[in-house]
Amino acid sequence: MTEQLDVRKLQRRLVEFAAAREWEPYHTPKNLAAALSVEASELLEIFQWLTPEQSARVMEDPESAHRVRDEVADVLAYLLQFCDVLGVDALSALAEKIDRNELRFPRSAPGA
């Protein structure tokens with residue numbers, strides 16, 4: 001894909017996709033949060049019985065790598081739709097959270 005990927009463009013595509021199928025009535029915050037949880041669980045399922053070593057190599061197998069990418073896409077799609085419905089800027093929310101965490105969890109002193 002040669003075009004620069006942009007979160008807002010992808011979010012707009014998701015909104016248009018749902019609108020073309022008249023899915024908006026089902027895209028409530030509650031339903032989207034539930035769908036997000038289900039998709040995150042499907043991502044977890046890929047790793048459920050793997051050892052830490054096996055999980056670190058999951059992308060080496062084309063079939064499992066494809067499954068991981070699909071579930072990551074599903075999680076991100078539902079998260080972006082959720083954010084759209086509630087008017088949350090996901091990237092700003094993440095930046096603000098990182099700022100708070102940097103204050104809450106200061107950098108360790110060298111040698112500590």
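Let me begin with a term: pLDDT is the predictor's confidence in each residue, on a scale from 0 to 100. For this protein the mean pLDDT is 94, and 95% of the residues reach 70 or more. In helix 1 the confidence is lowest, at a mean of 94, and in helix 2 it is highest, at 98.

What we have here is a predicted model, in which local features need a pLDDT of at least 70 and side-chain atom pairs count only at pLDDT 80 or more, while totals for chains, interfaces and linings use all residues. Residues are numbered from 1 along each chain as its sequence is written, and side-chain values use heavy atoms, with hydrogens and water left out.

When I say helix, I mean a DSSP run of H or I with at least four residues, strands being runs of E with at least two, and both are numbered from the N terminus. When I say buried, I mean under 20% relative accessible area, exposed means over 50%, and partly exposed is what lies in between, with a 1.4 Å probe and protein chains only.

Let me turn to the charged pairs. How many salt bridges does the count come to? Taking a salt bridge as a side-chain nitrogen of Lys or Arg within 4 Å of a carboxyl oxygen of Asp or Glu, the count comes to 2. In one of them the side chains of D89 and R8 meet, with 2.6 Å from N to O. This pair links distant parts of the chain, since D89 sits in the loop between helix 4 (62–86) and helix 5 (90–104), whereas R8 belongs to helix 1 (residues 7–20), 81 residues apart. D89 is partly exposed, at a relative accessible area of 30%, while R8, at 54%, counts as exposed.

The other salt bridge joins E16 and R12, whose closest N and O atoms are 3.9 Å apart. These two are 4 residues apart in helix 1, which means that about one helical turn separates them. Both ends are partly exposed, E16 with a relative accessible area of 46% and R12 with 42%.

Next comes the loop between helix 1 and helix 2 (29–47), where E22 is found. E22 has a positive phi of about 55 degrees, although it is not a glycine, and at 62% relative accessibility E22 counts as exposed. Y26 has its place in the loop between helix 1 and helix 2 as well, and Y26 is exposed, with a relative accessible area of 56%. Together with F17 and W23, Y26 forms a nonpolar patch on the surface, and the accessible area of these residues together is about 350 Å². A patch is made of residues with over 30% relative accessible area and no salt bridge, like charges being joined within 9 Å and nonpolar side chains (Val, Leu, Ile, Met, Phe, Trp, Tyr) within 5 Å. The accessible areas come from the Shrake-Rupley method with a 1.4 Å probe, and for residues only the protein chains shown count as cover.

Now to the pockets. A pocket is an open set of points on a 1 Å grid over the protein atoms alone, where a 1.4 Å probe fits, with protein on both sides within 12 Å along at least five of seven lines, and its lining residues have an atom within 4 Å of a point. The largest pocket has a volume of about 320 Å³, a volume being the space filled by probe spheres set on the points, which are joined across faces, edges and corners. Which residues lie nearest the centre of the largest pocket? They are L10, R13, L14, A73 and A77, out of 12 residues that line it. Helix 1 and helix 4 are the elements that give two or more residues to this lining, and helix 4 gives the most, with 7 residues.

I will finish with a few distances, each taken from C-alpha to C-alpha. E39 lies in helix 2 and is buried, with a relative accessible area of 11%; E39 and A77 are 38 residues apart in sequence and 9.8 Å apart in space. A18, in helix 1, is buried at 4%, and A18 and S55 are 37 residues apart in sequence but 34 Å apart in space.
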